[in-house]
Amino acid sequence: MRAWAVVAGKEIKEQLRSRKALFTLIVVPVLMWMGVGLMHAFIFGSMAPGGPLATPMDVHLAVDDEGPYGELAREIVYTVASNMNAVVHEVSYEEGMKLVREGSTVLFIWVPSNFTSCLISNGTARIGVWVDMTSQRASALAHAIVSVLNRAVAEKKVDAVQTPIRKMPFTLVMLSLMLVMSALWGPMPTVTSSFAGERERKTLEVLLVTPVGRRSILLGKLLAAGFSAALYMGSSVVGLAIYNGLVAWATAGMIEELVSPALTLREALVVITAAVLTLILSMSIGIVISCFARSVKDAETYYSALFMLPIMLISGTAFTRFDELPLAVRAVILAVPFSHGVLMINNALIYGGPLSAVLFNAAYMLAWSVGALLVGAKLFEREEIVETRKVKKPRRRFRTPSRPRTLRAP
């Protein structure tokens with residue numbers, strides 16, 4: 001047999017020895033795609049009227065024009081909204097503007113009183129559209145209404161004066177994702193090798209027979225992992241400051257209508273706080289994973305498999321308006337602690353949520369961190385921590401009793 005085949009066979013046999021790692025390598029991709037499919041089914045299924053996952057969206061309309069084209073605009077808004085699973089509420093112009101100022105609506109359409117007369121005399125008329133740019137559904141609905149209305153007036157033209165109720169800060173979202181994702185994966189090399197490395201090097205038994213208590217060992221390992229994680233996060237903060245300085249220097253004098261990609265001090269503090277809480281959470285759960293992995297490779301496999309679902313939820317939550325998701329999806333997102341880092345940033349900086357919501361996101365992540373450490377300390381006291389493999393007890397075999405031998409006289 002060739003040398004490369006011998007090496008490959010040896011490595012494959014080594015991989016096949018860990019059934020749990022092999023199971024994760026086979027099952028996790030299937031679960032990942034299943035999760036993406038379910039998420040997209042919930043998101044896009046909410047827009048299908050009458051579908052099993054239909055989630056209505058409230059929009060507001062004010063029609064001040066009493067002419068035929070005003071009535072046509074009203075009918076088109078109702079028709080397009082019903083086809084996209086949206087509920088239209090007619091309000092006055094003043095009530096609609098109040099909702100816009102409060103941020104209580106995702107879409108407000110105003111047909112002015114001169115709409116019909118302008119179309120008849122000039123062939124062109126304007127409508128007012130206020131849309132929340134953080135809502136993909138609202139943006140799509142506004143675009144569809146304007147397109148259908150232009151087709152309905154034939155050779156005439158309807159201009160939509162579109163004003164954002166709330167803008168989607170893509171730079172803030174991307175930077176937040178980068179920092180939160182790095183907080184998830186940053187401590188992995190140190191955390192996964194803490195106990196799994198000791199077991200792989202056969203030094204964990206020696207460490208456990210020392211006079212140091214097991215909780216002290218766990219605390220020391222946690223502090224050591226925290227030191228490297230602090231260095232990692234400190235380096236990320238310095239890098240963010242350098243990024244901010246470069247972008248602020250390059251975009252000096254930019255007009256106010258354009259959003260600068262640099263972060264303000266308040267935005268940077270919120271993003272860094274969310275990243276630090278995510279780092280503490282991933283480090284706490286990673287320590288527990290390392291306690292029961294037989295090798296560093298197994299610990300890294302378990303760590304990657306466990307964090308795959310949170311990464312999908314974080315990516316989906318960052319670019320999707322949370323209130324528009326179906327109740328079941330929101331419940332899953334709220335239950336997973338890692339998604340609260342992005343939710344914390346969204347509530348504080350994008351949607352203007354109350355302080356109680358931001359504090360809840362932070363407290364939930366801290367509670368999970370403390371709970372993971374308590375569980376790890378409790379399980380670390382058990383004897384199974386030395387050897388994670390279950391030792392099979394030998395089966396008792398029943399033999400027929402043999403006849404006693406008779407001693408012969410010499």
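1. Let's start with helix H6. Its buried residues are Arg-137, Ala-138, Leu-141, Ala-142, Ala-144, Ile-145, Val-146 and Leu-149. Here "buried" means under 20% relative accessible area, "exposed" means over 50%, and "partly exposed" is in between (1.4 Å probe, protein chains only). Helices (H or I, at least four residues) and strands (E, at least two) are DSSP runs, numbered from the N terminus. Accessible areas come from the Shrake-Rupley method with a 1.4 Å probe, and for residues only the protein chains shown count as cover.

2. Before going on, a word on what you're looking at. This is a predicted model, where local features need pLDDT of at least 70 and side-chain atom pairs count only at pLDDT 80 or more, while totals for chains, interfaces and linings use all residues. Residues are numbered from 1 along each chain as its sequence is written, and side-chain values use heavy atoms, with hydrogens and water left out.

3. How far apart are the end C-alpha atoms of H6? They are 24 Å apart, which agrees with the 24 Å that 17 residues (136-152) should span at 1.5 Å a residue. The expected span is 1.5 Å times one less than the number of residues. After H6 comes Ala-154, with a positive phi near 60°.

4. H12 is mostly covered, with 20 of its 27 residues buried.

5. Now the salt bridges, of which the structure holds four. The term means a side-chain nitrogen of Lys or Arg within 4 Å of a carboxyl oxygen of Asp or Glu. In one of them, Arg-166 pairs with Asp-132, and the closest N and O atoms are 2.6 Å apart. This pair links distant parts of the chain: Arg-166 sits in strand E5 (residues 157-166) and Asp-132 in strand E4 (residues 124-132), 34 residues apart. Are these two buried or exposed? Arg-166 is buried at 14% relative accessible area, and Asp-132 is buried at 0%.

6. Arg-74 and Glu-90 also meet through their side chains, at 3.0 Å from N to O. Arg-74 belongs to helix H3 and Glu-90 to strand E2 (residues 86-90), so this pair links distant parts of the chain, 16 residues apart. Glu-90 is partly exposed, at 39%.

7. Lys-157 and Asp-159 form another salt bridge, 3.7 Å from N to O. Lys-157 counts as partly exposed at 47% relative accessibility, and Asp-159 is partly exposed at 25%. Elsewhere, salt bridges that share partners join Glu-71, Arg-74 and Glu-90 into one network.

8. Next, surface patches. They are made of residues with over 30% relative accessible area and no salt bridge; like charges are joined within 9 Å, and nonpolar side chains (Val, Leu, Ile, Met, Phe, Trp, Tyr) within 5 Å. Val-238, Ile-242 and Leu-246 make a nonpolar patch of about 290 Å². Leu-246 is in helix H11 (residues 214-250) and counts as exposed at 52%.

9. Which residues form the negative patch? They are Asp-64, Glu-66, Glu-94 and Glu-95. Lys and Arg count as positive and Asp and Glu as negative, with His and the chain ends not counted; the place of a charge is NZ of Lys, CZ of Arg, CG of Asp or CD of Glu. Glu-66 is in the loop between strand E1 (57-63) and helix H3 (68-83), and is exposed at 81%.
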